[in-house]
Protein chains: 2
Amino acid sequence: VTPSEVAEARRLGRPRSAACDAAILDAAIELFVEIGYEGFTMEAAAARAGVGKATLYRRYGTKLELVMAAAQRLGEQKGPIPDTGAVREDLLGLARGYRRMLTATDAGRAFPAMLAAKARHPELERAHTRFVSERRRASFVVVTRATERGELPAGTDPGLLVDLLHAPLFYRVFVSGEPVTDRYLLQLVDSVLAGARG
Amino acid sequence: VTPSEVAEARRLGRPRSAACDAAILDAAIELFVEIGYEGFTMEAAAARAGVGKATLYRRYGTKLELVMAAAQRLGEQKGPIPDTGAVREDLLGLARGYRRMLTATDAGRAFPAMLAAKARHPELERAHTRFVSERRRASFVVVTRATERGELPAGTDPGLLVDLLHAPLFYRVFVSGEPVTDRYLLQLVDSVLAGARG
């Protein structure tokens, strides 16, 4: 095998491999949304993706690994972190992005089943909690930038502020079923800002 | 049958019937926490409660009715609405009660499975959303009393305030896995109060 043959194989192999990865993760997401974690099997995920079980197991050793890789892919649906230069606009952007994620994406559709599965499977609980914690921290920059600009008091707790913004949306969509209108988002952002400014 | 015989039958029947009701609902709660809504059957609930299927069906015509009656019973674990005369103490009491419900009761243990089931079954979604809405409104009196006392501005929105208090606890316990410490509860209450006072 010459170096150029390797390069050629890579050139041909890479896209096929990337397409296969995407097909597997999309199939896993679909399956998870439909049946949740308990009934989810590697066999069903392979069949849905149209790949062999060996191909699937080469990439993901366990159902947990596959499900968490699917969660990572879904996490990308949350959209970019806003950076408008004004904290009110940034928080509104964050809140709108989170509402969209909860109500109009597979990530939102998978969320309730994931919470139920977390409560039953400690290994999933640890992996998903770590994942949420990383995603959550990515939003903190909106608060730290605003604090640096002097729009929020020094010492503002980003974790408290981000929870106060995201949690009510989560609660309305999945628990109380109350609507999350644009007006509600504005009230929420203004109330959270007033709270942070004491 | 004389009136006194009816009264006697009632006297004997009532306690047995109440005990049977409690046994059925407790069995339904246990079963729901263990296996969720999908695998839940009337047969299994009757067997767990030690009653016949006919006895169960006389009380609850469907699985949905039984599960919602169990939810009502669990709802009683939330504890009374505080009325200390001071809004900060009342909100702290509400927050502590909600934390306790989420982390230390069967209601909390059943919650994640209920959210997953709601997402799959529109009839359960409607019934549970109505139930949450009633429970949620019961807390509003803390806000309306504080508004009447002049501790909160006229026009304070009880729904927004109660969401801002409850939702972050829910989010921490079931989504982010961050701890809900006493210090966090105090920060949360003070931030929500500052937000409401503008």
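Predicted model: local features only at pLDDT ≥ 70, side-chain atom pairs only at ≥ 80, totals over all residues.
Biologist: Thanks! What share of the residues of chain A count as buried?

Modeller: Of its 198 residues, 47% count as buried. As for the fold, chain A has nine helices and zero strands. Its C-alpha atoms fill a box of roughly 65 × 40 × 30 Å along the principal axes.

Biologist: How do I read the pockets?

Modeller: The general idea is friendly enough: rolling a probe the size of a water molecule over the atoms shows where empty space is left. Here, the largest pocket holds about 360 Å³ of space.

Biologist: Which residues lie nearest the centre of the largest pocket?

Modeller: They are A:R109, A:P112, A:F174, B:A119 and B:R120, out of 19 lining residues. Helix 6 of chain B gives the largest share of this lining, with five residues. By class, the lining has 11 nonpolar, four polar and four charged residues.

Biologist: And how much space lies in the second largest pocket?

Modeller: That one has about 280 Å³. Its lining counts 18 residues, and those nearest the centre are A:I35, A:E38, B:I35, B:E38 and B:R120. Two elements give two or more residues each to this lining: helix 6 of chain A and helix 6 of chain B.

Biologist: How many residues of each class line the second largest pocket?

Modeller: You will find 10 nonpolar, four polar and four charged residues there.

Technical notes: Residues numbered from 1 in each chain as written. Chains lettered and ligands numbered in written order. Heavy atoms only, no water. 1 Å grid on protein atoms, 1.4 Å probe; cavity = no way out; pocket = protein on both sides within 12 Å on 5 of 7 lines; lining within 4 Å. Points joined across faces, edges and corners; volume = space filled by probe spheres on them. Helix = DSSP H or I, 4+ residues; strand = E, 2+ residues; numbered from the N terminus. Nonpolar A, V, L, I, M, F, W, Y, C, P; charged D, E, K, R; others polar. Buried < 20%, exposed > 50% of the residue type's maximum accessible area, 1.4 Å probe, protein only.
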